Amino acid sequence: MDIASLRAAHPDHWMKAAALRVLAMDAVQAANSGHPGMPMGMADVATVLFGKHLKFDAAAPDWPDRDRFILSAGHGSMLLYGLLHLTGYAGMTVEELKRFRQWGAKTAGHPEYGHAAGIETTTGPLGQGLGNAVGFAIAEEALRARFGAKVVDHRTWVIAGDGCLMEGISHEAIGLAGMQKLSRLIVLWDNNGISIDGSVDLACVTDQRARFAAAGWEVLSCDGHDPEDIDRALTAARSARAPVLVDCRTHIGFGSPKKQDTAGAHGAPLGDAEIATVRDIYGWSHPPFHIPDDVRAAWAAIGARGAPERTAWEERLAALPAGRQAEFSRRLAGEPPKKLVPTIRALKRQISETRPAVATRKASESVLEVLNPIMPETLGGSADLTGSNNTRTADLGNFAPDNRKGRYLHYGIREHGMAAAMNGMALHGGIRPYGGTFLVFADYARGAMRLSALMGQPVVYVMTHDSIGLGEDGPTHQPIEHLAMLRATPDMLVMRPADTVETAEAWEVALTTRNRPSVLALSRQNLPTVRTAHSNRNLVAHGGYILAEAEGGRAKALLMATGSEVAVALAARDLLQAGGVPTRVVSMPCWELFEEQPEKYRRKVLPAGPVRVAVEAGIRFGWDRWLYGERGRREKSGFVGMHGFGASAPADILYREFAITPEAVAEKARSLIK
């Protein structure tokens with residue numbers, strides 16, 4: 001539909017959509033940075049979606065039963081900011097639009113969760129929003145099964161672009177959604193055929209509609225500039241019994257004589273002269289950032305149209321039994337159950353008494369066996385490694401189309417899709433997701449894991465087979481640099497427990513943390529119990545602590561270790577003590593938590609004086625912070641660990657050949673003392 005016909009046939013719609021377009025043009029021009037073409041192309045779809053289909057109330061942006069709107073094509077962020085401004089979200093003022101992409105503005109270059117109400121997730125890395133949306137839809141299904149459709153009954157709408165569908169994560173996301181028959185998930189594809197380099201067919205000739213259909217989706221289409229055709233397609237999508245792709249054929253930079261349907265509209269301002277021309281074509285005579293009263297009133301009415309539905313929902317929620325209301329509220333607030341800490345303490349006491357020698361992946365399963373029954377909000381899973389990750393407990397049941405009360409999800413070999421979906425579940429609220437894979441495959445999940453940290457979402461990554469200790473699978477599966485990579489990520493807790501007691505404490509930390517993700521790096525090989533004296537205190541919560549004190553005088557050697565190498569350090573201590581060297585062992589399961597402890601505590605654990613040796617079956621990178629920072633000295637510190645990739649052999653042979661042994665640690669300490 002051409003602009004003249006559109007203006008004539010649908011004048012009210014046209015003016016509302018034009019408001020979105022000119023705000024995008026004006027903001028990008030003011031910032032001299034941004035992407036005007038996508039908002040100009042998808043303004044008609046967004047206007048119909050918000051005006052007739054999206055369930056929301058701008059005055060109550062956190063309404064739990066609102067529809068979720070996710071702009072996966074995050075480069076078109078001004079479309080979202082314009083929608084939030086025009087519909088009346090508090091805080092999204094015209095001044096914020098004028099400060100687009102500036103320091104301290106809510107209107108960041110790409111939508112950032114937490115910057116403003118109505119931004120459901122951080123997008124920009126293409127495909128991540130689509131992956132998140134699968135998690136949002138899973139959370140809605142799971143909560144509806146638990147609490148009923150009277151209080152949980154909403155949809156997840158996504159605008160995705162050509163780039164989102166080219167990213168590999170899209171394949172994982174659409175495959176998982178199709179298998180799970182997530183019929184409340186509707187993806188609106190901005191099919192404009194343009195990417196930064198030019199025409200999409202320079203790089204991709206995939207039949208996207210056939211791809212989605214093959215994955216079990218229902219596929220619809222519409223003219224992305226005809227409001228009646230858009231409304232028809234969205235209405236049909238709402239009654240589908242499978243996830244839906246709506247192919248919205250659009251023109252990027254719609255209305256720009258020079259830049260429509262070109263890459264020139266994608267990632268740069270249109271320019272003052274072109275904007276003036278487009279304004280004339282649009283019939284928009286108003287100055288930059290000015291919205292006439294009648295158009296503003298029409299958008300405000302859209303922002304308020306969900307209020308009666310929200311009020312009715314609040315009445316239905318209030319009619320639930322008090323206990324059910326309280327549980328619903330607790331889960332949405334992310335509050336752990338009161339039984340969590342006592343349950344962990346009881347398990348720790350039992351372990352300290354029985355002293356099992358088990359792999360920490362098995363220890364994690366033992367912890368989950370007591371936690372999952374008291375935490376109905378957990379939803380676990382694995383990327384096709386359930387038996388290796390030990391993430392499934394008997395009480396969960398499989399989450400599936402015929403069992404939405406199931407709490408275990410078989411993600412298939414989709415590490416990235418799993419991580420992105422877990423982000424969506426955490427963002428939705430009411431679900432505590434955890435998912436397993438091998439630590440080395442953090443490489444596959446990395447993009448979404450970084451966003452867990454950036455958004456401060458308490459996703460739990462259960463990452464097993466954490467060192468050369470996995471043995472015969474060899475260097476392709478042995479993580480060497482991965483602990484360092486994850487520790488380098490801001491706002492992420494990386495916990496590598498040494499035994500079942502530390503594993504239980506690590507789970508307690510992970511499940512009581514609300515504002516950042518946790519990685520549990522767990523062993524394949526059996527490890528002895530090193531915490532043999534019970535304590536109610538959660539020592540992992542301190543990040544590092546004195547596990548074994550020096551005997552026979554002040555410590556001359558201080559051994560630091562994590563995970564499976566704590567036992568190595570303890571055995572080295574025995575050798576040193578027998579040779580007359582008083583030796584302290586410090587377990588450091590979580591560097592991030594230790595760094596947050598008061599200086600007085602860190603000084604007590606890591607005093608000046610003793611030589612220091614760090615022991616870890618990974619690379620040294622990062623350890624110098626503790627070896628010759630924190631009162632240490634370079635010439636009195638050493639590292640025993642990996643200096644290259646691993647090899648294929650039994651674990652005990654690998655530890656011997658790579659010299660990660662008690663004897664090597666003791667010799668390193670002696671050489672530093674000399």
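Modeller: Gladly! Buried means under 20% relative accessible area, exposed over 50%, and partly exposed in between (1.4 Å probe, protein chains only). This is a predicted model, where local features need pLDDT of at least 70, side-chain atom pairs count only at pLDDT 80 or more, and totals for chains, interfaces and linings use all residues. Residues are numbered from 1 along each chain as its sequence is written, and side-chain values use heavy atoms, leaving out hydrogens and water.

Colleague: What share of the 674 residues of the chain counts as buried?

Modeller: The cut-off is the one just given, under 20% relative accessible area. Applied to the 674 residues of the chain, it gives a buried share of 61%.

Colleague: Which residues have the most contacts inside the largest nonpolar core?

Modeller: A nonpolar core is a set of buried Ala, Val, Leu, Ile, Met, Phe, Trp, Tyr and Cys residues joined through side-chain atoms within 4.5 Å. The largest one has 135 residues. Those with the most contacts inside it are Phe69, Leu185, Leu188 and Val246.

Colleague: Which helix gives the largest share of this core?

Modeller: Helices are DSSP runs (H or I, at least four residues), numbered from the N terminus. The largest share of the core is 12 residues, and they come from helix α2 (residues 11-31).

Colleague: How many residues are in the other core, the one with Val605 and Ala614?

Modeller: That core lies apart from the largest one. Leu627 and Leu654 are also among its members, and its size is 47 residues.

Terms used: Helix = DSSP H or I, 4+ residues; strand = E, 2+ residues; numbered from the N terminus.
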